[in-house]
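Colleague: I'm new to this one. Can you walk me through it?

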Amino acid sequence: MADARQESPPALLPSRIKRNTACTTCRDAKVRCNPSSADQPCQRCARLHLTCVVDKTHKRVSRRSKLDQLAQEIQSIKETVGSTNHLLPSSTSDTRSKEPVSGSLEIASIASPNAISTASRHASSSASVVPFEPRVPSKTPATTYLNDASSEPSLPRTLGSYPFSGDDIDYYFRMYFEVYHPYMPVVRHTDPNKCFELCPLLFWAIIYVGSRRHAKGTSLVPFLSEEIRRQVFAALGDTPLSIHTINAVILICSWVFPNVRLTNEPSAILSSAVAHAALMLGIHTGKGQHPEYSQGILQNNFTDEAATYTWAGLNIVSQRVTSYMGVPPITSLFNQTIQNTIDGRTPFHVPSSFRVLLECQKFLNRTHKIILANLEDSSGVSANIVQVLEDEWNIVQGMICSERADELDKFNALLVQLEIQIFYMMPVPGSDPEPMKQPILRAYLTATSILRNAQQLDRTTGFLGHITHPQMRSLMTASCVIFRLLRSSYMHFLDHKAIEATAAEAVSICQRMSIMEADLPMRLASLFKAFLELYHSSAWGTTWQTEEPIVTAFLHRLGAGVTFDCLIRWKTDGTMKHAFEQQAPNPPANVAGEDANAICPIPIPDSLDIDWSFMDFEWNWTLPSLNPPVTFWGGQAR
């Protein structure tokens, strides 16, 4: 046997023929091309029965190109389906819009914030308290979740004395997942019955969010706000908190109760409480059923996907709350789990818009820590530090706002840019105001772009009608930058008509964000309208043009200091307050019979009949009552 093995000829190895160009299939696969002969298929194509073609002009198709091609094909299918829906008879669409939503949800995937189905537009328009513009689809990634809808109909529920039929529950769940969920996709289950079994608080939070713009009755949103406020604070005492309770708090902080005030709102307390609960459950690891965090009563049976989405959403909410409240970021922990999610290193799909939002908040978290360290050494922020942060963000913004980024991604990136630039308005005491003009003007241009982009998003997607509370507060900051420059020395070289038009747009945006009477956006709209009318009707415009647009109060409240300083300056430092003091102490007995100019030397616009109580921190003077709004005459409440 050994001799036979020695005498057997050695196996002939296939010779490799050198060829200058690899075949197209091997080039696409990025593998070595070994042709057996010049006119024969290469070894790989022959083994896999592939067509072996040599083309020197062929360019390898990258994975990004394939994804772009798939995205174009999906968009083409969407446009084809959309055009087909438009060709349907009007009677069919009318019939569908009148039918109630019944049965369990059967949504396999939902569109991003910039896309919504035609059917939901018909259903929501018939039940909305506040009408909103129809939305059109655009090229945005789809938001995914677990399609766990069952064949069983949704059971009717009762919250307090308010009954909800199964059709109502299906309707509000559908509105939530189609319209609101893409902005904060932390909920992973769509079946209402299962959601109620897992966490009643999460169930009612979804109902509340879904009904904000689509309530079938005007009393529903105020009722849900009070009931859920009571339930969520009661749930915080029931430890340990579940991941579903944490998700409910994330939704509440994202679309906070409409009757909150400027600083008196529960988001900071709620986000801080559930952040520690998430750490105790090991959610920050991005791992479900982690053995080191599943001990005793702290048992976690959630998945890696649920843990990652919840931890990402909690970091976003915590950072945004600290930004608009002007407090140090104590609950945000942008760890490796967040970085893996941003980089797409997860075994499950995470929408690109969600990853962009994470990247934005991660950068802001680092920015605020640097600014806070700078404020501890001085009573202002060095312009050089702000410039370095702005340059760094321009690089990051260029990477995340690529050609595939949608308008919402660019809008969120602009919010970060403004939040960095407003620190130019908080300079170190004694700084020369002349070099600060150019960076402050950049902040003004960014604020203008934010307001215009918000209006464009609203025209195409109804964005302002479903905006999150943190984004609403960012629009408020942009508006305050505009109004701060409106009464500054910069008006000597700014285009008056342009900045006045932008200020008027800020009023319109606040009105569009309002979901009920006397909520925070509506109060802001009344306030900004009063500022604008006073600016046009008073003789103080020339005196305002000597002010520098810098923050003199609330220097340690980070970016929120610009908002607070703007509002308190308009209210107390010789403008509106001076106007009120110039009026008669008591109303005349017969207003029609007296000269208006003698009583009111400087005309006060009617829109000054506003309720200042939403500005709920200490003022030089306050109103005697908070609710209902107080009507003014001559600075006196009546």
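Modeller: Let's begin with a definition. A disulfide is a pair of cysteine sulfur atoms within 2.5 Å. Keep in mind that this is a predicted model.

Colleague: How many disulfides by that rule?

Modeller: The count is zero.

Colleague: Take C45. How far is its sulfur from the closest cysteine sulfur?

Modeller: The gap is 3.4 Å, and the partner is C42. That is too far for a bond. A disulfide needs the two sulfurs within 2.5 Å.

Colleague: Is C45 buried or exposed?

Modeller: C45 is buried, with a relative accessible area of 1%.

Colleague: And what about C566?

Modeller: C566 is in no disulfide either. Its nearest cysteine sulfur belongs to C480, 4.2 Å away. C566 is buried too, at 0% relative accessibility.

Colleague: Let's zoom out. How many helices and strands does the chain have?

Modeller: There are 25 helices and four strands.

Colleague: What share of the chain is buried?

Modeller: Buried residues make up 52% of the 638 residues.

Colleague: Which residues have the most contacts inside the largest nonpolar core?

Modeller: L475 and F483 do. That core has 153 residues. Helix 13 (residues 304-325) gives the largest share, 11 residues.

Colleague: What does L475 touch?

Modeller: Set aside its neighbours within four places in sequence. Then L475 is in contact with F411, I450, L451, A454, L464, I467, I509 and M513.

Colleague: What does the second core include?

Modeller: That separate core has five residues, including C26, C33, C42 and C45. So C42 and C45 sit in one core, yet their sulfurs are too far apart for a bond.

Colleague: Switching to helix 19. How many of its residues are buried?

Modeller: Helix 19 has 18 of its 18 residues buried, so the rest of the structure largely encloses it.

Colleague: How far apart are its end C-alpha atoms?

Modeller: They are 26 Å apart. Helix 19 covers residues 469-486, and at 1.5 Å a residue its 18 residues should span 26 Å, which agrees.

Colleague: Now aromatics. How many pairs?

Modeller: The structure holds 21 aromatic pairs. In one of them, the ring centres of F196 and F203 are 5.1 Å apart. Their planes are at 85°, so that pair is edge-to-face.

Colleague: Are those two buried or exposed?

Modeller: F196 is partly exposed, with a relative accessible area of 23%. F203 is buried, at 1%.

Colleague: Give me another pair.

Modeller: F363 and W393 have ring centres 5.0 Å apart. Their planes are at 50°, so the pair is tilted. It links distant parts of the chain, 30 residues apart. F363 is in helix 15 (residues 352-377), and W393 is in helix 16 (residues 383-400). F363 counts as buried at 8% relative accessibility. W393 is buried at 1%.

Colleague: What charge sits over the ring of F203?

Modeller: The charged end of R157 does, 6.0 Å from the ring centre. Elsewhere, R188 lies over the face of Y309, at 3.8 Å from the ring centre.

Notes
Residues are numbered from 1 along each chain as its sequence is written. This is a predicted model: local features need pLDDT of at least 70, side-chain atom pairs count only at pLDDT 80 or more; totals for chains, interfaces and linings use all residues. Side-chain values use heavy atoms; hydrogens and water are left out. Rings of Phe, Tyr and Trp (its six-membered ring) pair if their centres lie within 6.5 Å; planes under 30 degrees apart count as stacked, over 60 as edge-to-face and the rest as tilted. Buried means under 20% relative accessible area, exposed over 50%, partly exposed in between (1.4 Å probe, protein chains only). Helices (H or I, at least four residues) and strands (E, at least two) are DSSP runs, numbered from the N terminus. A charge sits over a ring if NZ of Lys or CZ of Arg is within 6 Å of the ring centre and within 35 degrees of the ring normal. The expected span of a helix is 1.5 Å times one less than its number of residues. A nonpolar core is a set of buried Ala, Val, Leu, Ile, Met, Phe, Trp, Tyr and Cys residues joined through side-chain atoms within 4.5 Å. Contact means heavy atoms within 4.5 Å.
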